Amino acid sequence: MTAQQMRSPTPEGVARAAAKIADLLPRTPLLETEIHGHSVWIKAESLQPIGAFKIRGAWHRLSDLTEEERARGVVGVSSGNHAQGVAWAARRLGIAATIVMPVDAPAVKLAATRALGAEVVLYDRPGGEDRDELARRLCAERGATLVHAYADPWVIEGQGSAGTEIIAQMAERGMRPPTRVIVCCGGGGLTAGLALACPDAEIIPVEPEGWDDVCRSLATGTIQRVMADAPATACDSLQTPATFPINFAILKERCMHGVAVTPAEVRAAQRFAFSALHLVVEPGGAVALAAALAGKVPLDGRTAILVTGSNTDPADFAKVLASTD
C-alpha cells in the first residue's frame, strides 16, 4: 500500500465519511428488540442496497480517488460483501473494478458482484493462495488502486459511519450514546471504525469459533493469525487470515476482549432475526447477535448490535430456518 493509504484513520475522517454517505444513502433502521429482559438496539446493515455495510467504506474510498486514479481502475479482495460494495460504488462513479474472490464464495455473492459490472478473478482459498499478493500483482500490472476490505483508512472511516448513525438515531429517541457496541468482526475494519465513531462505548468484536484471530490478538497483545487447522465455517464473510496493524492499533486501545460463537449459536441468531425482526441475515452477519443471545456479552438498554449482512444463498437459509439446533 502507498504511504497515503497507510495514513491513520481518524474520528474526523469518520465524520467526513458519514456526511458523504448521508448524501447518498438513507440511514439503515435502528430496531429495538428484547434479549434476556433487556431492550437492545439492532442496526440493520443487512438492509443496505448491496445487503451489507461494506457499501460505506467502498463509497468513501472510491469517491475520494483522483480523476487519474479513477481512470486506472480499482482492485478489491473479498468473499462477496466488500466485492459488491466496491462494484456498486465503481459502477456509480464510472470506474473499472476487478475483485479477487475465492472459488468457494457463495454463488449469490459471485453472481451479484458480476451483475454490478465488476470483473471477478477467482483464487483457491482452500488451497491456500495468498489473495492479497494476487491483488497486489493485479494492481502493479494495471496501475490500479487497491481497495482493501479492511486495512485501508478510508474503508475504516467509512464503516465507522454506521456508529455515527447509531448515536444520532438514539439521540432522536431521547437517549444517550450506546454504552457498548457488539460487532461482527473479520479483519477488523468495521470494529475499528466503530471504535473511532463511538469513543464512549465499549466495543466488543465477535468472531466464529476457530476464526477468532482478533480475540486471540487482543488476549496476547500481538497480531495472531487464524490457525492452519481452522474448521470449515458458514461465516464466509469473516474468513480473514489476520487483522492488519492499521486496524489493530485501534482495536488494542479500545477493545478489552473479543468473543467467539459456535455454529449452532449463529444459526439460532439467524432464526431470531427472521422471527423477531423480519430480517434475512447471513451467517457472518449474525455473529454479534449470536453473542448477545448466547449470554456471552453484558446487555443493557443502551447496547447496540450490528447485523451486518443479508447475502446468503436461499437454500442454505431455508435449511437454517428449518433446523432446531
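Predicted model: local features only at pLDDT ≥ 70, side-chain atom pairs only at ≥ 80, totals over all residues.
**Ground rules.** I number residues from 1 along each chain as its sequence is written, and I use heavy atoms for side-chain values, with hydrogens and water left out. Local features need pLDDT of at least 70 and side-chain atom pairs count only at pLDDT 80 or more, while totals for chains, interfaces and linings use all residues.

**Entry 1: helix 1 and helix 7.** I took helices (H or I, at least four residues) and strands (E, at least two) as DSSP runs, numbered from the N terminus. Helix 1 (residues 11-22) packs on helix 7 (residues 153-172) at about 70°, axes 7 Å apart. Axes are lines fitted to C-alpha atoms, for helices over the stretch in contact, and angles run from 0 to 180 degrees between N-to-C directions. Helix 1 is therefore roughly perpendicular to helix 7. My angle classes: under 35 degrees is roughly parallel, over 145 roughly antiparallel, 65 to 115 roughly perpendicular, and the rest oblique. Contact means heavy atoms within 4.5 Å. Among the residues that meet, I noted V14 and I21 in helix 1, and W154 and T164 in helix 7.

**Entry 2: helix 9 and helix 10.** Helix 9 (residues 213-220) and helix 10 (residues 245-254) pack at about 60°, with axes 10 Å apart. They are therefore oblique to each other. V214, S217 and L218 of helix 9 make the contact with F248, L251 and K252 of helix 10.

**Entry 3: T262.** I found T262 in the loop between strand 9 (259-261) and helix 11 (263-277). Leaving out residues up to four places away in sequence, T262 touches E209 and K296. T262 and A294 are 32 residues apart in sequence, yet 9.6 Å apart in space, C-alpha to C-alpha.

**Entry 4: salt bridges.** I counted 19 salt bridges, each a side-chain nitrogen of Lys or Arg within 4 Å of a carboxyl oxygen of Asp or Glu. I sorted accessibility as buried (under 20% relative accessible area), exposed (over 50%) or partly exposed (in between), with a 1.4 Å probe and protein chains only.

- E172 and R27 meet at 2.9 Å, N to O. E172 is in helix 7 and R27 in the loop between helix 1 and strand 1 (30-35), 145 residues apart. E172 is exposed at 55%; R27 is partly exposed at 40%.
- E165 and R56 meet at 3.0 Å, N to O. E165 is buried at 10%, and R56 is buried at 0%.
- R61 and D152 pair at 3.2 Å. Both R61 and D152 are buried.

Shared partners join K43, E45, R56 and E165 into one salt-bridge network.
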